[in-house]
Amino acid sequence: LCPVVDIVVNLVNIQLLATLNAVIPVGTAGTIHYQLASLPFTSGLFLGLDLDGAVKQVGGSIIPHDSSPSALPPLLDKLLVLGLRQSFLNAVLSLLIQIPPQTFTCTPEVFSGASRLQEAITTLALDGCSSCRGIGPLSIKLMLSGNPLILLEENKATVELSVMIQLFINRLEGPILNLLLLKADLGLNVRVSIAGGRLVLGLSLGSTSLSLESSDVGISNIANLTPHCSSLLAETLLPLINGALGIGIPLPNVLGIPLIKVEIQI
């Protein structure tokens, strides 16, 4: 039986590696070249794969991440277990969440959160800047600061993301008047699902922490701005991020096993 078993094992290994060794596009942002971080684990009908992969930007370089092996949960009642580590997911998030700076004017017709923020900023500006009276509508610029960071805990996933919020006025003459430059550190709750062979992450706003970077008009007290900035980011930035994540993270088609009745554990 040994030669027969040897042939069967080799055939299975060839088929397994063939289904893993594929470069899979991630929308138009880049590609994932999946590979194994450690040897497969099998027990009866159970197959456990500790997945890793090279995440590459289109026309760019590979996004580095820690590729050390991770322990798979002992789900021996399942047919197939695929393990994805936190560092790999961070590399994919850096690939997907590349939102260019967003600039818009605060009007009630645009976003209600922006309108409320303008009222609060105008009050602060008038308290500390006599030349700010009669100012026109406020402009807001949102810029991502650094890469997103996903944190995996027991039955919980969160994403930490920093955003720069610039509130300014375009003057007819001279440079812009920078009322405030704020940094918002966001804690985003993650909803995880499987759809069409892809791991889909959906984000919702959990917490917002504001810090003051600069102000040309001497504003120093920003304590009352947090709820307005939270509403602004929930209305403007989060839909863009969820739109970018909506394509999902493609998973390898291992031995043609369909990903149905999937149980997700964090």
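These legends accompany close-up views of a predicted protein model. In this model, local features need pLDDT of at least 70, side-chain atom pairs count only at pLDDT 80 or more, and totals for chains, interfaces and linings use all residues. Residues are numbered from 1 along each chain as its sequence is written, and side-chain values use heavy atoms, with hydrogens and water left out.

View 1. Helices (H or I, at least four residues) and strands (E, at least two) are DSSP runs, numbered from the N terminus. Of the 266 residues, 38% are buried, meaning under 20% relative accessible area with a 1.4 Å probe and protein chains only.

**View 2. Ser230 in helix 4 (residues 226–245).** Ser230 counts as buried because its relative accessibility is 16%. Leaving aside residues up to four places away in sequence, Ser230 touches Leu205 and Thr208; contact here means heavy atoms within 4.5 Å. Take a look at the side chains of Ser230 and Thr208, too: they make a polar contact at 2.9 Å. That term covers a pair of N or O atoms within 3.5 Å; within protein, one must be able to donate a hydrogen and the other to accept it, and residues adjacent in sequence count only if both atoms are side-chain atoms.

**View 3. Strand 8 (residues 139–153) and its pairing with strand 7 (residues 102–105).** This antiparallel pairing runs over 4 bridges, where pairing requires that DSSP finds at least two bridges between the strands. Here you can find Thr103 opposite Lys141 of strand 8.

**View 4. The hairpin of strand 8 and strand 9.** Strand 9 (residues 156–169) pairs with strand 8 in the antiparallel sense over 12 bridges, and Leu142 stands opposite Ile165 in strand 9. The hairpin has 2 residues between the strands, and Asn155 takes a positive phi near 60 degrees.

Methods. Buried means under 20% relative accessible area, exposed over 50%, partly exposed in between (1.4 Å probe, protein chains only).
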